[in-house]
Amino acid sequence: MDAAVSSSLRVGFYRRSCPAAESIIARTVRRAVSQNPDIGAGLIRLHFHDCFVRGCDGSVLLKSLPGGPKAERDHPANNPGLRGFNVISKAKRRIERICPNTVSCADILAFAARDSSQILGRINYPVPAGRRDGLVSSFNEVTPNLPSPRLTADQLIQNFASKGLSADEMVTLSGAHSIGRSRCSSFSDRLYNFNGTRAQDPSLDRNYAATLKATCPANGGSDPTVAMDPATPNRLDNTYYAELRAGRGLLTTDQTLAESPATRGYVDMNARFGVAWAGKFARAMVKMGSIDVLTGNQGEIRRRCSMVN
């Protein structure tokens, strides 16, 4: 798998065929994020989850068919956590009214992730487009491809390398965890049963752990959510890295970046140089958005993002 920017994708792909496409998507995203900032984080995550399974082909948007195999979006890594499906569908409907059978759902998702980055972090970048929509979505392909929240830094490096992304780019893209929320079940073992010892993860700041325990009880029946970044939960910024250095990374995959010699240097640099991190984030998003894309006559342009034509 390769995340090198595909020569088949280009900025301004819809300039002639649907010139209003990007502005329609941007307005739809802005309206949704103004009502709930978590939707912006959800759209960035949705794009990531799409690209890491079968490439950036909109397969994560497909619903399971009754009586058929389960789709990606029904996997526990995506359901109920993933958000933003309705925003993509709404943008698609608006575009279809003026440019039918023209703009792919995969491209809409890439544009929406960029717009969310701009709204929440003032990180704007041109998005090469021309992706086509995939015809397949497989529940069973999620686990081998998506990184779990309990991977070590070395495992994360290997996972991202399999998609053509470097260790630096992995740490850079992890900065998206400066926004959004996570369910207690994704990190509760760090609070109550670290490595099966019934102890707390020693890398976790004690005061932060106490705050998390107040929301996530040891044997709670529900599974509430907490902000990924306790300092600036609704702003996409490099404060996330300063929090990691202070022992306030929420997931194992967050805190391991500051603990591992293989990634600690990237964390330190990103914590110190916010403008440089933002530039790296934009470039890494473009590169990630090119993983195993379908172009030309491959796939299709879906009429509805949740089902193949």
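Visitor: Which residues does the UniProt "binding site" annotation cover here?
Guide: In this predicted model, the annotation, which comes from an unreviewed UniProt entry, covers D50, V53, G55, D57, S59 and E72. Although these residues span 23 residues in sequence, no two of their C-alpha atoms are more than 12.5 Å apart, so they gather at one spot.

Visitor: Okay, take S59. Where is its place, and is it buried or exposed?
Guide: S59 lies in the loop between α2, which runs over 38-52, and α3, which runs over 85-98. With a relative accessible area of 0%, which is under the 20% cut-off, S59 is buried.

Visitor: And what is S59 in contact with?
Guide: Leaving aside neighbours within four places in sequence, S59 is in contact with D50, V53, R54, E72, V136, S137 and R302.

Visitor: Switching topic: which residues are buried in helix α6?
Guide: In α6, which comprises residues 153-161, the residues A153, L156, N159 and F160 are buried. They cover an arc of only 120° around the axis, which puts them on the same side of α6.

Visitor: What covers the buried residues of α6?
Guide: The covering elements include α2, α5 (142-145), α7 (167-174) and α11 (252-259).

Notes
Residues are numbered from 1 along each chain as its sequence is written. This is a predicted model: local features need pLDDT of at least 70, side-chain atom pairs count only at pLDDT 80 or more; totals for chains, interfaces and linings use all residues. Side-chain values use heavy atoms; hydrogens and water are left out. UniProt positions are given in the numbering used here, feature names are shortened, and annotations may be inferred rather than shown by experiment. Helices (H or I, at least four residues) and strands (E, at least two) are DSSP runs, numbered from the N terminus. Buried means under 20% relative accessible area, exposed over 50%, partly exposed in between (1.4 Å probe, protein chains only). Contact means heavy atoms within 4.5 Å. The arc is that of the directions from the helix axis to the C-beta atoms.
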